[in-house]
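Take a look at the model below.

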Amino acid sequence: MAEKRAENGVAAMAACYQRFDPAAYLQYNYTPPRADFDRKDSIVPWKLACLHRAFTEGDVNGELLVDIGSGPTLYQVLSGCEVFNQVLLTDFLEVNRQELRRWVRDEGSCNLDWTPYLQYVCKLEGRRPSAWTEKAVKLRKVIKDILPIDVHRPQPMAPGAVPSAGADCLVSCFCLESVSPDLPAFTRALGHIGKLLRPGGHLLLIGALGESYYLGGPGVKIPVVPLNEAQVCSSLKETGYTLIRLEVYTLPQDMRVGVDDVTGVFFVKAKKD
Ligand SMILES: Nc1ncnc2c1ncn2[C@@H]1O[C@H](CN(CCC[C@H]2CNCc3c2ccc(Cl)c3Cl)CC[C@H](N)C(=O)O)[C@@H](O)[C@H]1O
């Protein structure tokens with residue numbers, strides 16, 4: 001009975017996502033104030049600083065980095081692309097994979113200009129902002145593919161998409177909690193993606209705290225399982241990860257713009273046992 005209920009919850013979630021609108025989504029979350037590079041307390045600079053530190057403090061290395069649930073966004077791998085020579089982007093929806101392909105193939109007509117993001121990460125790396133063009137070239141070179149994924153499946157990606165030994169590093173931002181109907185589903189999904197990671201590999205996980213819904217487009221209300229830090233930590237432990245660092249960002253009032261009811265954001269750096 002519990003399995004049936006779980007399947008229904010996941011199917012209902014998939015139905016919601018059929019109405020996801022990448023252009024609107026990018027406007028809601030990746031333009032000011034949430035992406036204001038002149039404000040230290042803006043969400044996107046905080047995320048980019050967490051990822052920059054995590055990728056450059058010396059313990060993360062290898063060949064293959066996989067981004068789980070990329071959506072139509074690239075910011076997740078702007079630091080990782082300097083450390084890994086193979087990056088896989090993934091998403092559940094073709095519309096998001098198409099948005100990413102348009103940028104990677106430099107076909108133009110993207111719904112967001114990633115230049116300020118590339119420039120900001122160059123600044124974090126101590127490079128002149130004009131090096132953003134080199135970073136763009138590097139990113140286009142290391143992104144090897146943009147593949148379908150479903151974190152609710154025990155095998156989230158097609159066989160062979162990731163070497164059987166596992167990827168060296170996973171990054172996943174705001175995916176698991178915004179696709180899971182409840183905490184057990186979130187924990188199961190965390191276990192499923194763990195199978196894509198080699199033992200000793202790192203997981204960099206960013207997610208929402210205290211969120212119950214978000215707008216995936218005008219009038220597209222997507223349910224989210226509200227999480228707190230303790231639940232995130234116990235789910236990580238339960239699925240075979242050792243926590244290295246947890247950081248929490250609390251949204252200032254003016255970051256609450258009506259596109260969701262997020263109260264905080266967590267950043268986790270963990271290692272697979
Ligand atoms: N079964 C499935 N399996 C796998 N993947 C699935 C499945 N089902 C759906 N997806 C895919 O997950 C992706 C979730 N996506 C939106 C949620 C984030 C949003 C809402 N929460 C608060 C918040 C948000 C964004 C920014 C900020 Cl600042 C905040 Cl606070 C993350 C995209 C990207 N990673 C991002 O960081 O913006 C989406 O692209 C689906 O297509």
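Which helix gives the most to the lining of the largest pocket? It is α1, with four residues. This is a predicted model, in which local features need pLDDT of at least 70 and side-chain atom pairs count only at pLDDT 80 or more, while totals for chains, interfaces and linings use all residues. Residues are numbered from 1 along each chain as its sequence is written, and side-chain values use heavy atoms, with hydrogens and water left out.

Start with the pocket. On a 1 Å grid over the protein atoms alone, a pocket is an open set of points with protein on both sides within 12 Å along at least five of seven lines, where a 1.4 Å probe fits; lining residues have an atom within 4 Å of a point. The largest pocket has a volume of about 600 Å³ (the space filled by probe spheres set on the points, which are joined across faces, edges and corners). It is lined by 39 residues, and Tyr17, Phe174, Cys175, Ser178 and Tyr214 are the closest to its centre. Alongside α1 (2-17), both α2 and α3 supply at least two lining residues each. Helices here are DSSP runs of H or I, at least four residues long, numbered from the N terminus. By type, the lining holds 23 nonpolar, nine polar and seven charged residues. Tyr and Cys count as nonpolar in this scheme, and Gly as polar.

A ligand oxygen is 2.6 Å from a side-chain N or O atom of Tyr30. A ligand nitrogen is 2.8 Å from a polar backbone atom of Gly69. For Val151, a polar backbone atom is 3.0 Å from a ligand nitrogen. The protein covers 99% of the 810 Å² of accessible area that the ligand has on its own (Shrake-Rupley method, 1.4 Å probe).

Finish with the loops. Pro33 lies between α2 and α3, and the peptide bond to it from Pro32 is cis, with omega near 0°. Asp106 lies in the loop between α4 (94-104) and α5 (115-124). Its phi is near 55°, a positive value in a residue other than glycine.

Methods
A polar contact is a pair of N or O atoms within 3.5 Å; within protein, one must be able to donate a hydrogen and the other to accept it, and residues adjacent in sequence count only if both atoms are side-chain atoms.
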